[in-house]
Every structure is written in structure tokens, then in C-alpha cells.
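Dear colleague,

I am handing over the structure below, together with some notes on what was found in it. Please keep it open while you read.

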Amino acid sequence: MSAQTSEAKPPLEGNDAVAVIGMGCRFPGHVDSPEAYWRLLRGGIDAIGEIPEDRWNLNEYFDRDPQTPGKIYVRHGGFLDNTAGFDASFFGITPREAADLDPQQRLLLELAWESLEDAGIAPRSLRGSEAGIFVGMSSDDFAANQWSDNGLTEIETYTTLGIARSMAAGRIAYLLDLHGPVVQLDTSCSSSLVSIYQACQSLRAGACDLAIAGGVNMILSPATMVALCRLSVLAPDGKCKTFDASADGYVRGEGGGLVTLKRWRDAVRDNDRILATIQAAAVNHDGASPTLTTPSQSAQQALMRKALDDAGLSGRDVTYVEAHGTGTRVGDPIELEALDAIYGTGSSRIDPLYVGAVKTNIGHLEAAAGIAGFMKVVLMLQHREIPPHLHFTSPNPDIPWDDIPLRVPTRTAPWPVNDSRGLAAVSAFGISGTNAHVILQAAAPLRNGHLASSIPSLIPAPTASATGAEQPIAEGGLASQPPLHLLTLSAR
């Protein structure tokens, strides 16, 4: 853990910030850690591939004609490498119970453990604490398969416990013996970012002293894919072409992420490594928009304004916004016009506002989309770089690009040096109408043009000898005394 000093000041004076101190994730493109996620983002990697054979027989369900009943006109998505591997005994689960356990629940157990370890917290040390769990989740594919494959006569002891959504968050609390608020919520595509909001509310209200929040989504049945094809919301070529003239829908993706959160002052007190701080989180609803699923520009503007007001910021203070950005002809212009009204022209900004969407890399993770965007922004603030937005070659003509100070980065770029605080935001809009917006700040400011990182250095500082003299530093930057040794531990 890093050595935060007692003189440290809140990132924004007078604001009760929440610190992000740990992260765990699984995303398409072989991403099994925050480090792997950053490599994918910075490298501009497209992680979309053909639907794997272990999900369903693609040829049986595929038909190029979007009007064919019971068929899908897409062949691609963002998928995880291995959904079957799970160390049940590690979590005290019997093989029989594990067989009936929704892979989403399995993944959440792993992510909760990894997020705590990334925060430098031994998960078992939280036993009996008031820590809270907040999980966004909307898919029931595994349950649908269980009923259709086995029928009512095959229902067994663990069937209900393995597929009930309410058990997803509860199982984590049971494993770790946590006694704080435990909530599983579903607001469709905004679910996991709403879980961040709920966690922040609980921390600020004193309902818990530590919170684990995020979401999960897995694609295990062709049924939802068929339904989305009937709605004609999926891109036939399997690419999210967000903000591009060729945008014609999104590509589905799966994965999950959980972050460990504390009140900023508590994280400083505990000498935690702070990855970034949440300055504000807001949630609202579209209300009576033109149709049940049409996004509301006025609601999006009100939401962003509320978050900025709560953080004590102006729109021009924010350098980057991670957009919801699904890549639809209706949604993209509405979102960018709302962003321009609050963060762009409407804020009288001079420098451009950078806007991107991770959906162009890994697809739309639906209930887990918000946490994917949230973690992307945290990594950007840590590394002070803006990764490329993919599949943007011909700007959408319905967006007045020449009149708005918004820029879509198509190659990796350094964070603008005139933003010493490092402020960014992330949006998630649900097809249900529930919207979420979070404003984040870098954990440490730029000092003299260089990042004052909160990440502890792997190179030891010079140490004093008994005479008070500093020990010499060997070639390569490591202290020559004492020698370094490899400490091996069991996997458990």
C-alpha cells in the first residue's frame, strides 16, 4: 500500500469524495486483470470474435435475413475465454452445488476476491464488518437453459439458489461474512454504474465503511440474441461504430468488473493505494420520452448538470467523457448534443472535450457496460493517457461536428497538460430509462508537468545505516543492501 501523508488534502475541497482502492475484471480479449485491460485499451485492440462453439450451434440459429423468426442475423460478439473453469472448493462450494451455479455468480465471487486483494485487503479480514455489496445484473440465460434443458422434474436442491439473481450479491456477503447493505439491482444497461452510485450513497451516509460494487453479464443462450435481432438493434457486421456515419447498432459483449471503494478520508487514514476518486455520482430517469426506449436529451443534460453541481465543477473543468455510445443512429446524436450542452459549447470551454466509448473495443456488456467504462476511466487517469476510439472513420452527419468542441480520439494521446487535476466522467443509459453519470478525478495531480502517482514504486527508497548515512544504490536502481529475495506462497 502507498504511503499517503497526514497532510494530504481532499481532491476537491469540501467534497466528500469516495476513493477507488481496488479493481477486478474479466473482459473480452483475454482480459483478466486491470493491467491486461489497459494493454487492450492502449493498443486499440478489437476483441470481438465469432460466437464460440461452447455457447450454441451458430449455424443452426444464423440467418442473414433479419426477418426470419427464431434466427439471428449476427455471428459475432465479445466473449470471455473460459466460462467453465471455477475453483469451487476455494470458495467452499461442493462440486454438486457448483454444477447448478450460474456462471455469473461464479465470476462475481472471483472478482470480489480479486478486487479486495488488489486493494491490499485480505478478504477474510472483513469477517463481521459492515462492508456492503452492490451488484448490477440483468441476464437470466443460465436459468433459461436450466428450465429448457431439464424441465420441472429435474429441479434439485441447489437449482433455485444457483440461478436466483438475488443470490448473486448475497453469496459474496455469505462467503466473506459481511453485514452491511447487500443489493442486487437491474436497470438494464445502466445497472453496474447505478451500483457505483448506490455504493457511494451508502458510504457517504455511513451505512458501510467499505463497498464492493460493479456488475456482470454473460451470454449463454441464443434467446436474448434472437429477441434483440427482432428489435433490429444489433450491428450485422459485429462492430460498434459509435459516432460514425455507418453506425447501425451494437455488438453484444460479456464480462464483469467489481471495484472496492472507501470514503476518501478513510482510505488516506488507512494508507490505501488510491487509484482515483469519485467526486460525484448521479442517477435519474428519462420519464415520458418519445417512446419507451428512446433516450431523452433533456434528462441526460439534467443528470450531467446535477453531477457537476454536486462536485462543485463546471463542464469545462472535465477533459474526457466515456460515453454510453452504443453506436445507433438515434442514440449517438442525442448523447453528443447533450454532452455539448453541458460540457462543450454550453460550458464556454476553450479546450476540446475528448469523448470515447469502450464498446468499440469489447462490445456492449449490457448490465456490466457501466463498470467497463468506469474502470477504463480509472486506468486512463492513472496512466494519464487517452486510448483510441475504434471504428471511427466517417463522422456521423447528424452530429454538427464543426460547431461543437468535441473530439473523438482515434489514436493514443497523452492527457492534456493543462488539466493538472485530471477530471473525467462516465455515462451509462439504460433501455429501461434509468441513467447514471459519474465524475472521477485522478488520485494525484500533475506536478511540474509530471504525474505524482499514488502507485507505490517497485524501487526501494535509499535507507539509512546505523551511522545515518544512506545505503548505496546498485546499478539498475535497487538498493545493494539488503538483498532482495523471492517469497513463495501457496495459490490459496
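**Notes on the structure**

R75 lies over the face of F62, at 4.7 Å from the ring centre, where a charge counts as sitting over a ring if NZ of Lys or CZ of Arg is within 6 Å of the ring centre and within 35 degrees of the ring normal. Please bear in mind that this is a predicted model, in which local features need pLDDT of at least 70 and side-chain atom pairs count only at pLDDT 80 or more, whereas totals for chains, interfaces and linings use all residues. Residues are numbered from 1 along each chain as its sequence is written, and side-chain values use heavy atoms, with hydrogens and water left out.

Next come the aromatic rings. A search of the whole structure finds 6 aromatic pairs, a pair being rings of Phe, Tyr and Trp (its six-membered ring) with centres within 6.5 Å, counted as stacked if the planes are under 30 degrees apart, as edge-to-face if over 60 and as tilted otherwise. One of them joins F27 and Y37, whose ring centres are 4.6 Å apart with the planes at 50°, so this pair is tilted. F27 lies in the loop between strand 1 (18-26) and helix 1 (34-42) while Y37 lies in helix 1, so the pair ties together parts that are 10 residues apart in sequence; helices (H or I, at least four residues) and strands (E, at least two) are DSSP runs, numbered from the N terminus. Both F27 and Y37 are buried, a word that stands for under 20% relative accessible area, with exposed meaning over 50% and partly exposed in between (1.4 Å probe, protein chains only). The rings of F90 and W113 have their centres 4.9 Å apart and their planes at 75°, so that pair is edge-to-face. Because F90 lies in the loop between strand 3 (76-77) and helix 3 (95-99) and W113 in helix 4 (residues 103-118), the pair ties together parts that are 23 residues apart in sequence. F90 and W113 are buried, and ring pairs link F86, F90, F91 and W113 into a cluster.

T360 lies in helix 13 (residues 359-362) and counts as buried at 1% relative accessibility. Not counting residues up to four places away in sequence, T360 touches D46, C240, T242, H389, L390 and H391, where a contact means heavy atoms within 4.5 Å. The C-alpha atoms of T360 and H389 are separated by 6.6 Å, although these residues are 29 residues apart along the chain. T319, in turn, is placed in the loop between helix 11 (297-311) and strand 9 (320-322), and T319 counts as buried at 7% relative accessibility. Leaving aside residues up to four places away in sequence, the residues that T319 touches include R349, Y354, W415 and D419.

Finally, there is the backbone to consider. Most residues other than glycine have a negative phi. Phi of H30, however, is near 65°, a positive value in a residue other than glycine; H30 sits in the loop between strand 1 and helix 1 and is exposed, with a relative accessible area of 60%. Phi of S188 is near 60°, again a positive value in a residue other than glycine. S188 is found in the loop between strand 5 (182-185) and helix 8 (191-205) and is buried, with a relative accessible area of 15%.

With kind regards
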